[in-house]
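Thanks for coming. Please have the sequence and the model open, and I will go through a few points in turn.

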Amino acid sequence: MASDAQVAAFRSLRAAGASALEAAEVINLANTIDLVSKAYLHERRGAGGKWVGSGPRIGPPKEQRARARARLIAQGRLPAPAQPATVQSLREKHATIGQLARAQEQTAKIATEAAQIHVQKMIKQVHDEHAQYVKDVTAAQSAEDAHKAHLKFFAIMASLIGGAIIGAITAGLGLPVVASLAVSISPAAAEALFEMKKRL
Amino acid sequence: MTPQQREQAIDVIKNRLLKVTIGHTEQEALEVATAMVDQATANQDDDGHAG
């Protein structure tokens, strides 16, 4: 659009009788001049004054722009450029995040390895206890002896398997570790546990 | 151990029991798992651990 000054200038020319143009024509002419001048400068600005033009934007020399920028920053109309300290702290932040991620990965690896070793030990223990239970039940002289053997085995299994799983959950070791501990419940031990639950 | 942690422990054991055995219902597995977790908690408490 033409500026108020341009319109006023044409209006005053017309009022002075120096132009025979009608008011609407004056405004159209002013608008045309304004558009032409903008096109000449390759300047197009959209909403909020955002640059949307194509081609090289004609701006003031470097020093002028630097001064203008400094003035705008001083007036708070432009954000201050990132200071070296900010960049440094950002780098530090990213480095710390990286270190944490690596440490977490390492901890998870150690926890997984520890769980695997623990599971192997548990599987052996569960196997041994199951063998002992079979021996006890076979050797039981009475129903009471057999019942005692059931109770004993169930208590041991609960301590070994249940205790380890509860420990892993309360320690927040995560589902993979908890699930790997459950692996120590072998099919034979699971069958025995079902059987025992019926008899308890 | 919170009630949620207890439920989680029961669920893990129940799923494992169902995975390695055939012919048992989920209800049976749930009962066994619950009994095991309760027993384990009682054992831990007896040992002076916070269950």
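Is A:K152 buried, exposed or partly exposed? A:K152 has 15 C-beta neighbours inside 10 Å, so it counts as partly exposed. The cut-offs are these: a residue is buried if 20 or more other C-beta atoms lie within 10 Å of its own, exposed if 12 or fewer, and partly exposed in between, with C-beta atoms placed from the backbone.

Before I go on, this is a predicted model, where local features need pLDDT of at least 70 and side-chain atom pairs count only at pLDDT 80 or more, while totals for chains, interfaces and linings use all residues. Residues are numbered from 1 along each chain as its sequence is written, and chains are lettered from A and ligands numbered from 1 in the order in which they are written.

Back to A:K152, which sits in helix α5 of chain A. Helices (H or I, at least four residues) are DSSP runs, numbered from the N terminus. The C-alpha atoms of A:K152 and A:D136 are 10.0 Å apart, and the two residues are 16 residues apart along the chain.

Next, the partner of α5(A). The axes of α5(A) and α6(A) are 9 Å apart, at an angle of about 180 degrees. Axes are lines fitted to C-alpha atoms, for helices over the stretch in contact, and angles run from 0 to 180 degrees between N-to-C directions. The two helices are therefore roughly antiparallel, a label for angles over 145 degrees. On the α5(A) side A:A164, A:I165, A:A168 and A:I169 take part, and they meet A:V177, A:V178, A:L181 and A:A182 of α6(A). Contact here means C-beta atoms, placed from the backbone, within 7 Å.

A:I165 also reaches the other chain: among the residues it touches are B:A9, B:V12 and B:I13, not counting residues up to four places away in sequence.

That brings us to the core. The largest nonpolar core has 37 residues. Such a core is a set of buried Ala, Val, Leu, Ile, Met, Phe, Trp, Tyr and Cys residues joined through C-beta atoms within 7 Å. α5(A) gives the most to this core, 12 residues. A:I165 and B:I13 are among those with the most contacts inside it.

Last, α1(B). Its buried residues include B:A9, B:V12 and B:I13, and the buried residues of α1(B) pack against α5, α6 and α7 of chain A together with α2 of chain B. Contact between the chains takes 22 residues from chain B and 23 residues from chain A. On the chain B side, α2(B) supplies the largest share, 11 residues.

Technical notes: Two residues are in contact if their C-beta atoms, placed from the backbone, lie within 7 Å. Angles under 35 degrees count as roughly parallel, over 145 as roughly antiparallel, 65 to 115 as roughly perpendicular and the rest as oblique.
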